Amino acid sequence: MFLSKLARAGALLLIKESNIGRYSISRTRLLQGSSRCPFQPGTHFFSTSDDRAHEEGIDQKDKISVTFVDKDGEEKHVKVPIGMSMLEAAHENDIELEGACEGSLACSTCHVIVMDMEHYNKLEDPTDEENDMLDLAFGLTETSRLGCQVIAKPELDGLRLALPAATRNFAVDGFVPKPH
Amino acid sequence: MDIGGSRGARGRPFDEARNTVGSTLTAVGDHRTWTVNNFLMRECVSTILSSPRITAKVVPHNGKYVLTGGIMVFNEALCIKESYPKELLDSLSSESASRLRRGERSRWILHCRKEVDMIERLPTPFGLVRYGVAPDHPETKIVINQFSRVALNERCSFFGNVNLGISVSLSELREIYHVVVLAYGAESDRTLGIPGEDLAGIHSAREFVWWYNGHPDCSYMSPDLKSTDTAIVLGQGNVALDVARILLRPTTELATTDIAEHALISLQNSSIRKVCLVGRRGPVQAACTAKELREILGLKDLYINVQEHDLVKSHVDEEELKNSRIQRRVYELLCKAATSRPPQPVSENGTPGKQSAIGTGQFEDHQCGLVLKSIGYRSVPVEGLPFDDSRGVVPNINGRVLSDKQHNNIIENGLYVSGWLKRGPTGIIATNLYDAEETVASISEDLEGVLADDSNSPRPGRDGLLQLLDSRSVRYVPFKGWEEIDLKEKAIGAIKNKPREKIASPEELLRAANT
């Protein structure tokens, strides 16, 4: 396993050097480039499970593509490392998603809507605790989840998440929330 | 997870935003200033600080045009519709200038240099999060991190220990500031209006909560928990569940929370073993949330007794359940916990969502030594503030305060409300977030409308407040002072294996603030 990891890193290094030679080779660049690696489909050989990938450290982390769609329909495409929650991913990418309790399942402010059923069904069912919080979310839908509970995994590649209409930016287009 | 550090409250680095073109602009001292009286309303503050609707003005200044603020990247939908003087455009880098010229398509908006002063009655910030949230709910208090980041913004100041109506009047604040937002919540209680309500041993749940949370106003309250084994809680909302849980939770579990020391000792000696929750309406109308209910149902060594005949629903109840996921889930939890089953018909009293309790004329006697009324908080007015006595809120439209009814609903310019004072004491922290956004949207709109002229004329702002406080020898606690209190509380707590030991006496708080 260790050898194969080395081999893969070597392959990435080579690709980076030949493709984008002007960049200095660094760990971050390797990570950013990994999703464009032609070997990408083959990475299944190397990463056994999400947890494993997580444990194996940053070097071997894969990323999935996630699109956040704000209520104006504006899309933001981000790469999210396996094992990272959508709340963290949003914050890392300056996406306006609240997270008042910082992912401790004590609020509903990181409410996101999974935009297609197919991806929604690939998620573990929400726990009672998550459902308790979703009870309190504004604009709840059938495919609503808490961003802090949606963890990036390979099957979720291409995930599209809508930010609910009543986000903090509603004033932009004069949206007025319903009376509470 | 890193969402702290140099980032702003919304994950956006404030300084980055300001520095984008800030260095090429002259900022003049624009004293648009807000005041907020309750730290829970930090949403209000942070939204004001970054509200896209508030565009800066181009004003003549010493013979040339200058902007009143920096520039912040925001939303494409926003635009600058004013035409810009040549001098201004010349003073900008070509990139910024062309962005400005593009007007509607511009991704750039001008952002006022606003200042927000928060005035708080107590020496400590965070209002209900510190004194309302139960000690065994530390995760709910994490939001304090976000509040603190807002408070630490350079354009935001905290003035603790300043009492609206005593240290400074509302009319004075309205003179000093362009905009005043009242967000001081609900510091009193609804009453039942029945004989015997004020007998010894009967308290409001709010007082009890304040007592166990170390609120300076209730630190001397000493509820008698020793001469009785039964407490009755009137109400079935989250506060009712909170007080029931605190009364029944093993004190070994409470000992490692930030519960006030006096309350912990009293609870350790408590002989209360049984708590009855009494709802005026049925379980379908219970105001609690599933999380809190689930928590108490799962409490260690606790026997739950829900009578199945109390769970019988009417057709109107069914309708209500159909319309509300949260009520449905609460009801399901209650059903799971229920025992025995002699069903009885139940009457309907109103339309779905509007059912009220009507006495049946039948009475039951319950022996108890402590009654906690948990039937709702109530806001208190201050002098000069229109107040709807029947609803216990300030009359308003989207946060804009309305004059009294006899004045034909005239809007009080520059005066706003947010939070419980605006819509009544319900909802969670996130509810206040949306509530605050609505108020801020109104403010933003007004600053470009009815308040536009006024907000261009200077007001004393912070300096005026400081002068006033100084002339009255009011010793205010700045945020730095709170940080001192915070450090001290954490240090004392660490010795006892608690996250903090709250200082409950006002004098000690002021001493700890070291101001």
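**View 1. Helix 9 of chain B is largely enclosed by the rest of the structure, because eight of its 11 residues are buried.** In this predicted model, the buried residues of helix 9 are B:Val239, B:Ala240, B:Leu241, B:Asp242, B:Val243, B:Ala244, B:Ile246 and B:Leu247. What do these buried residues of helix 9 pack against? Their partners, which belong to chain B as well, are helix 8, strand 11 (230–234), strand 12 (274–278), helix 12 (290–297) and strand 15 (370–373).

**View 2. Helix 8 (residues 205–212) of chain B packs on helix 9 (residues 238–248) of chain B at an angle of about 50 degrees.** Helix 8 of chain B passes helix 9 of chain B in a left-handed crossing. On the side of helix 8, the contact is made by B:Ala205, B:Phe208, B:Val209 and B:Tyr212, and these meet B:Val239, B:Ala240, B:Asp242, B:Val243 and B:Ile246 of helix 9. Of the residues in this contact between helix 8 and helix 9 of chain B, eight are nonpolar, none is polar and one is charged. In soluble globular proteins, nonpolar side chains tend to be buried together.

**View 3. B:Tyr212, a residue of helix 8 of chain B, is buried.** B:Tyr212 has 26 other C-beta atoms within 10 Å, and it counts as buried because the cut-off is 20 or more. Not counting residues up to four places away in sequence, B:Tyr212 touches B:Pro135, B:Ile246, B:Ile259, B:Ala260 and B:Ala263.

**View 4. B:Val233 is among the residues that touch the most other members of the largest nonpolar core, which has 129 residues.** A:Leu161, B:Leu182, B:Val243, B:Ala244 and B:Leu421 are also among those that touch the most other members. Helix 16 (residues 429–448) of chain B gives the most to this core, with eight residues. Leaving aside neighbours within four places in sequence, B:Val233 is in contact with B:Ala205, B:Ala240, B:Val243, B:Ala244, B:Val275, B:Leu277, B:Val278, B:Leu372 and B:Ser374.

Note on methods: Residues are numbered from 1 along each chain as its sequence is written. Chains are lettered from A and ligands numbered from 1 in the order in which they are written. This is a predicted model: local features need pLDDT of at least 70, side-chain atom pairs count only at pLDDT 80 or more; totals for chains, interfaces and linings use all residues. Axes are lines fitted to C-alpha atoms, for helices over the stretch in contact, and angles run from 0 to 180 degrees between N-to-C directions. Helices (H or I, at least four residues) and strands (E, at least two) are DSSP runs, numbered from the N terminus. A crossing is left-handed if the near helix is turned anticlockwise from the far one by less than a right angle, and right-handed if clockwise. Two residues are in contact if their C-beta atoms, placed from the backbone, lie within 7 Å. Ala, Val, Leu, Ile, Met, Phe, Trp, Tyr, Cys and Pro count as nonpolar, Asp, Glu, Lys and Arg as charged, and the others, Gly among them, as polar. A nonpolar core is a set of buried Ala, Val, Leu, Ile, Met, Phe, Trp, Tyr and Cys residues joined through C-beta atoms within 7 Å. A residue is buried if 20 or more other C-beta atoms lie within 10 Å of its own, exposed if 12 or fewer, and partly exposed in between; C-beta atoms are placed from the backbone.
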